[in-house]
Amino acid sequence: SESTPTQGAGQGVGWAGPKWLNTADTVSKILNDSCTGMHFRDPFGKCEVTKIADYFVDDTATGVNADAIEDDLDVLEHLKLTEQKHARLLFAAGHKLAFGKCSYYYVEFKRCGTEFKYKSVKDLPGEIFLSETFTNHLVRVPRLEPKQAHRTLGHFLAVDGNQKMHFDKLCGKARAWSNMVKTSALLGEDRITAYHSYLEKSIQYMISSSNFTYTQCKRIASIISPVLLNAHTLQRNCSRTILYSTHRTGGLNVTHPYHLQGLEKLRFYFSHTRRNDTVGKLMYISRMNTQLELGISQPFLHLSYDP
């Protein structure tokens, strides 16, 4: 209404997209010019990346690391300044930061053998209070433990690398699809089409950021395989080899989740490396740091494969 106007462009409005594109671009440029951000570089000085945030339409993930700080303030203070400026810039542009969806990590870790040990919230205290506008009261932003996963674009990622929630969500999606198909009146061909056009695509999308073991992937496959075998008019106790073999070898040409994971990771790696975009550069920096930690004299991807 005119007395209480909506803050933001609103969904379903024809001009919302162009407005958001223009204002978000302006906000991101201001943040780039005036905030600390993150700085990554490889140990050999060949590549470096400086960034303030990652953006996907109206989803934003800002960040600060110690390598980018040039004053006496700590990481948490810099992050607070960055996000407060982000919130006020959005409000000035006619938008509003959704505090109900906001969360953050404050991380400190050390190397212990082959693992990284992360300090908990209890061992590393710190809080952030932000205001949605220029005059609103301060609101406490929830802080996540390093072991807690957060959802970002359909992926569930945790700072310490654990994939429990990501795996559980993927199993839940496979189970929900299987239950719906089992109770439906779809013909066998339609069930196969439904798998390849919906569930397999969902698995491909989610599994590209995972590092599931074969046992975990086999568990996902065990949820799906009875439905697929039934759709091909085969007994559910039939050997899975028939299901996951290629047409050339007399199989049904269904790709196992473990192989889907490997294919999607290769696709992800080569696409970003070939484009040499920000993600590709960050992967290069990670490889070079890993090479240094392992004490290898040359990049390990240059080494000959010896089966």
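The model is predicted: local features need pLDDT of at least 70, side-chain atom pairs count only at pLDDT 80 or more, and totals for chains, interfaces and linings use all residues. Residues are numbered from 1 along each chain as its sequence is written, and side-chain values use heavy atoms, without hydrogens or water.

Start with helix α2, residues 75-92. Helices here are DSSP runs of H or I with at least four residues, and strands are runs of E with at least two, numbered from the N terminus. Helix α2 has 18 residues and reaches 26 Å from its first C-alpha to its last. That is close to the 26 Å expected at 1.5 Å a residue; the expected span is 1.5 Å times one less than the number of residues. At the start of α2, a side-chain oxygen of D74 comes to within 3.3 Å of the backbone nitrogen of L76. L76 is buried, as are H78, L79, T82, E83, Q84, H86, A87 and L90. Buried means under 20% relative accessible area, exposed over 50%, and partly exposed in between (1.4 Å probe, protein chains only). G94 follows α2, with a positive phi near 95 degrees.

Now the charges. The structure holds ten salt bridges, each a side-chain nitrogen of Lys or Arg within 4 Å of a carboxyl oxygen of Asp or Glu. One of them joins D168 to K164, with the closest N and O atoms 3.0 Å apart. Both residues lie in helix α3 (residues 164-182), four residues apart, about one turn of the helix. An α-helix has 3.6 residues a turn, so residues three or four places apart point the same way. D168 is partly exposed at 36% relative accessibility, and K164 is exposed at 59%.

Helix α7 (residues 257-275) holds R267 and E264, three residues apart. Their salt bridge has its closest N and O atoms 3.1 Å apart. R267 is exposed, at 52%, whereas E264 is buried, at 9%. Another salt bridge links D277 and R275 at 3.5 Å. D277 is partly exposed, at 23%; R275 is exposed, at 53%.

F56, V57, L153 and Y205 make a nonpolar patch of about 410 Å². Patches take residues with over 30% relative accessible area and no salt bridge; like charges are joined within 9 Å, and nonpolar side chains (Val, Leu, Ile, Met, Phe, Trp, Tyr) within 5 Å. Accessible areas come from the Shrake-Rupley method with a 1.4 Å probe, and for residues only the protein chains shown count as cover. V57 sits in the loop between β3 (53-56) and β4 (59-62). V57 is exposed, with a relative accessible area of 57%.

Methods. A polar contact is a pair of N or O atoms within 3.5 Å; within protein, one must be able to donate a hydrogen and the other to accept it, and residues adjacent in sequence count only if both atoms are side-chain atoms.
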